[in-house]
Amino acid sequence: MADEIRRLSEELARDPASPVYLQLGEALRRGGQLDLALKVALRGLERHPHDADSHDLLARIAVDRGELERAFDEWDMVRRIAPAHLGARKGMGYVLFKQGKFAEAQTYLSEASALDGEDETVATALAMVRVKLREAGSPGDPGSRGDQGERTQPVSSLDTLDDLDHLGLFDEITEGGEHTALLLDATGLVMAGTYVTQDGRDVAQEVGAELSGVSDEARRAMRHLGLGDWSSLTVETDAAVVAMAPMRDDALVLIAASKAMPLGLVHRVLDRCVERASGWLTKGGG
Amino acid sequence: MKTNLTPIISSLTRQRGVRGSLLVDETDGVIIVATLHVGMKGPAFAALAASLYRKARLSADAAGLGGVTFLRLRATEGHMCAAGKNEMVLVVVADARANIGLIRMEMLKALERLVI
């Protein structure tokens, strides 16, 4: 990633009007260098004030900086510049979800669904919002597009609470914290939970695919060392801490937490997620 | 063969509970330098550790989490820790009583000192 950032920086230095600032800002954001990312995005915005992607980048950086209001405003600007921008609706829905404004979040996510009915991340996010609305006892106006009063595309396969149960399996444990949890089967397919990044992208399937087989690798390594069965794997990255633990039938529980979260606490949360997943599997989940 | 890397690796092996330390090429899983207690299957373990580290790195990348700075595999009777730099992986194997917090700190320091 450092090489990529260096290359993009050099390219931008050679041509300050180049749109490469978008890639550079995103690379810095993903690497956790938020102050630098913000600087790059703001400079880019000075040159390209009416570029929707510039405001989109600024919004994502703002989310990472915990500035949800600013992120919302930037995505609102994106929506005005590019009315069919899917990411803006998803982002605004995400911000409202984080703020506990589930009915409003549903409105924006429904708009996103209307723009692209096949986007799985939108379907997942909508399902999460509807779980929250049902938990809160609010009808949530499922089926309307709120301010525009048009019909939304129904997410029929996710309309019953029973179907949604797998999505909210870890909600009670992860709610309010800067962490997320997933249950993967032996082939890396997601069985329960969600893995939504701060900019509203659901990367559960990508993570699942990459992690398929990690149980086998861990077990083999431990067998060669005579250290017994593996009980957890913790990976610290530039931006977060990921911890996982094996389940029966080579399934895997995975959590991703903020880097600021103490490692000991990460393991406590992981243990609770394992307990929850075990109970769910025992009851026939998945 | 003694190299200038050996003292760095050996200092890790002297930590309480550590059974062995290895510096491994992440791409092919071959040992660059190692100090292991008798009985440890170095080459096989190096290959598995490198593969596991690589899989974790790809996963983190897929999730947009950036580079991997430290990895710890906990088992019923011990731990394996790994940290990477420039396509090399520093690996430590320790028993269950080892102080992983201290080993983690020493590994990250050692990684800073490693120059190839």
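Colleague: Two strands pair if DSSP finds at least two bridges between them. With that in hand, which residue stands opposite Val242(A)?

Modeller: This is a predicted model, mind. In it, Val242(A) faces Ala256(A), which belongs to E5(A). Strand E4 (residues 240–246) and strand E5 (residues 252–258) of chain A are antiparallel partners, with 7 bridges.

Colleague: And across the two chains, which strands pair?

Modeller: Strand E3 (residues 230–237) of chain A goes with E3(B), again antiparallel and over 7 bridges. There, Leu233(A) sits opposite Leu73(B).

Colleague: What's the strand order in the open sheet?

Modeller: It has 10 strands, running E2(A)-E1(A)-E5(A)-E4(A)-E3(A)-E3(B)-E4(B)-E5(B)-E1(B)-E2(B), with antiparallel pairing. From one strand to the next, the twist averages 15°.

Colleague: Why is one side of each edge strand left without a neighbour?

Modeller: Because strand E2 (190–193) of chain A and strand E2 (31–36) of chain B each have a single partner strand.

Colleague: Which strands does helix H3 of chain B touch?

Modeller: H3 (residues 100–113) packs on the sheet against E1, E3, E4 and E5 of chain B, at about 25° to the direction of E4(B).

Colleague: Switching topic: how many residues does each chain put into the contact?

Modeller: Chain A gives 34 residues and chain B gives 31 residues. On the chain B side, helix H2 (42–62), strand E3 (68–75) and strand E4 (78–85) each supply at least two. H2(B) has the largest share, 12 residues.

Colleague: How does the chain B side divide into nonpolar, polar and charged?

Modeller: You get 18 nonpolar, 8 polar and 5 charged residues on the side that touches chain A.

Definitions and conventions. Residues numbered from 1 in each chain as written. Chains lettered and ligands numbered in written order. Predicted model: local features only at pLDDT ≥ 70, side-chain atom pairs only at ≥ 80, totals over all residues. Contact = placed C-beta atoms within 7 Å. Helix = DSSP H or I, 4+ residues; strand = E, 2+ residues; numbered from the N terminus. Nonpolar A, V, L, I, M, F, W, Y, C, P; charged D, E, K, R; others polar. Axes fitted to C-alpha atoms, helices over the stretch in contact; angles between N-to-C directions.
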